[in-house]
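Okay, thanks everyone, I'll keep this short. Have a look at what's on the screen and then I'll walk you through a few spots.

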Amino acid sequence: MQLRSSHQPLSRRLLSHYLMFGLVSIITLSLAWFWLGHSVLGGHPERALIHRIHEVRSLIVADLADNRGVGTQALVGLLGSEVWVAYAGVIDTDGTYVAHSKPTRVGKISETRFDLDAQHTVIERHVVWQDGSSRREYWVPLVSGTTAHGCLQVGVVDDLHATHWHRMADWLPYAILAPILTLGIGGLVLQSTARTNAAIEGQLCAVSAGDSPNDFQLQPLTEPSPAAQGWNRLVERALGQKSTSTLDAKLSQSLGSLLDKRFERILSSLPDGVAMTDKEGHITYANRALGVLLQQSPDTSHLRGRPIQELFSPGADLHRGAGQETRPIVFEVPLGATLADGVLRVSRSPVMGDEHSSAMQHVWTVRDITQQKLADEMRTQFVYSATHELRTPLANIKAYAETLAVNELTDPEQQKSFLNTIYAEATRLARFVEELLNVSQMEAGSLSLHRTEVDLERLLTEIGDKVRPQMVQKQITFDVLLPPKLPKIQVDKDKFVAALVNLLGNAAKYTPDNGCVTFKVTLAAKELQISVEDTGIGISSDEVPKLCTKFFRSADDRVRDLPGSGLGLAFTQEVARLHGGKLAVHSELNKGSQFTITMPIA
Amino acid sequence: MSTPSTTSAPSILVAEDNRVMSDVMRFNLQNAGYQVTVARNGTEAWELLQSTKFDVLVTDYQMPGLTGEEVCTALRIHYPDWHLPVIFLSARGLELNVDRMKSELGIETLLHKPFSPRELVEAVAKCLEKSAQLV
């Protein structure tokens, strides 16, 4: 009942109670008056009396016949106790009272006597006593079968109707009191229903009447109703947040606790490290990424409370912004001696909404910019290399062309050699431009293959011939090992040749004079393996993974001394990939390198 | 150290690792009447400088072994009294500190590649004129 009513709005509960009790009292009142009216209007006291007398008579007859009148006195007493009976008695055939409502009269002779025949049912007679008073009496014969036992004498009170009214009056208070009581109970129930709300209303009215919007008293309620319990929780919360006294702050705080979990999740999903520091520079929050960035575990609980300076290697300049704490600062923190060890970009910003306090909280974001730094470095290197690569042939072309133009060359052989030089340099320039074009296509992802069927043996021999002059120049032993029979394959001839020339050209370039380069081709069931092995300067193991990155050039001085774009291997790898194959590198510093292209043959 | 005779043509050392470039420089300088020696790299150039008295040094900046700058530095340290005019060739651009090189290394002229052979010949002639005035 309690639960169901609590779901109903108060107004409806009040209305339903009001209607229910009103209805119950109206019904009670109506029923009472109806019964009263019915009794008064339709009442026949004599008939009822005679009916009652007959009832008792038959009981007495049965008693006299079966029990020799043992219970007769009790039955007569019962009859005598009726309101409208003045007295009652049983007279035997001798005219003696065998029972009487006044026990003293038992055994005495009746003053009046009627000889009643069995056929008589009831006789009404008026008895007038010697003192002049009169009384109505009913006489009933007591006959069982043919045996007459005597008769029953019942004296009736004077006014039967008055007796009736009297009985009714006994009930009247109840008829009036019951509806009043119902209404009273109803009033109490209604009052208890509205009590909680009235109490809350009273407190709210007090709040609205108060002068200060921030200063008011709220009391918890003692009622056990859900509304009261809800109110108590509200009050508890309001009292608990006294420190943040404005309603705005209270609202934002309760909203904040809801949002905190969401922000926490967002922050821990960020790839950038995020930390918060308090006024002293101690960490109050650090997300997972920060833990990972600083080469610790994603668990950042142990970072809390530590000064932020500790997190970065000693020497990281975190005091740059000292005295300018309100300004955001950005700086880079190297994680080691070289760029490859990692570089972090740290930015520090004051926490918004904190401008007025002198010592500020800060939010720190930490991003790993190692790749970006490396790419920048490579690009710079490329610009340098490209400038050199473009300028050298251009300078030669210009010098030779001008020499030819200015001087009258008499020797036709020399003239021809100059022209050949110009041609060779122009070719070198064109090749470099081609390389650049390939790279820009690689960058744009639009490097595509135009496969044609080629005779692999002829192609490989051609490639060998193309690079042989470079080998000869440095007296490098150049071995070309081809299997006896090679198939025709579908490749992009130009790119395939360029890729292999790159590998062989590198081998020649980075192998000292009198070294050895082996160009070896093996054929498996459905796989072609082309390897270029040299006895060159090799590549240090930490540089091998970066080898095929665009613009990458080794930090080795022996490589730096030689011109190069840092694009050749990137291109070769891309060509191998486009042909469904891959480029593998094995190298040992100062011993030599082996580059192997493995690709399927259809 | 042998001293070229005053009557003979001025002798010029060209330090350049690119054979094609050194060939054309040799041709043009010889054509202008100079005696030309070519060094393939910085180390070779430094060895030649220690043994022979040249009138002008034409050197590339970027070379295997010693760079042009290193050759000049060595020259100024080991032979502080030898005011050998130096013509610098470079494929590099702005990143070279020309003023510093001129004051510290006594570099007379800096030629950026690609340069004109006539410019080189003129620069050499100018250097020789200056040396003649000093003497």
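This is a predicted model: local features need pLDDT of at least 70, side-chain atom pairs count only at pLDDT 80 or more; totals for chains, interfaces and linings use all residues.

**A sheet, a helix and an interface**

So, let's begin with a pair of strands in chain A: strand 6, residues 273–277, and strand 10, residues 362–368, run antiparallel and are joined by five bridges.

Now zoom out a bit. That pair belongs to an open, antiparallel sheet of five strands in chain A, in the order 7-6-10-9-8. At the edges you've got strand 7 (283–286) and strand 8 (329–334) of chain A, each pairing on one side only. Neighbouring strands in this sheet are turned by 20° against each other on average, ignoring direction.

Next, helix 14 of chain A, residues 568–578. How many of its 11 residues are buried? Nine, so to speak the helix is mostly covered. Among the buried ones are A:Leu569, A:Phe571 and A:Val575, but also A:Gln573 and A:Glu574. And what covers them? The cover includes helix 10 (412–444), helix 12 (493–509), strand 16 (582–588) and strand 17 (592–600), again from chain A. After helix 14 of chain A comes A:Gly580, with a positive phi near 80°.

Last stop, the two chains together. On the chain B side, 16 residues are in contact with 17 residues of chain A. Helix 1 (19–31) and helix 5 (117–134) of chain B each supply at least two residues to that side, and helix 1 of chain B gives the most, with six. By class, this side of chain B has nine nonpolar, five polar and two charged residues.

Definitions and conventions:
Residues are numbered from 1 along each chain as its sequence is written. Chains are lettered from A and ligands numbered from 1 in the order in which they are written. Two residues are in contact if their C-beta atoms, placed from the backbone, lie within 7 Å. Helices (H or I, at least four residues) and strands (E, at least two) are DSSP runs, numbered from the N terminus. Ala, Val, Leu, Ile, Met, Phe, Trp, Tyr, Cys and Pro count as nonpolar, Asp, Glu, Lys and Arg as charged, and the others, Gly among them, as polar. A residue is buried if 20 or more other C-beta atoms lie within 10 Å of its own, exposed if 12 or fewer, and partly exposed in between; C-beta atoms are placed from the backbone. Two strands pair if DSSP finds at least two bridges between them. Axes are lines fitted to C-alpha atoms, for helices over the stretch in contact, and angles run from 0 to 180 degrees between N-to-C directions.
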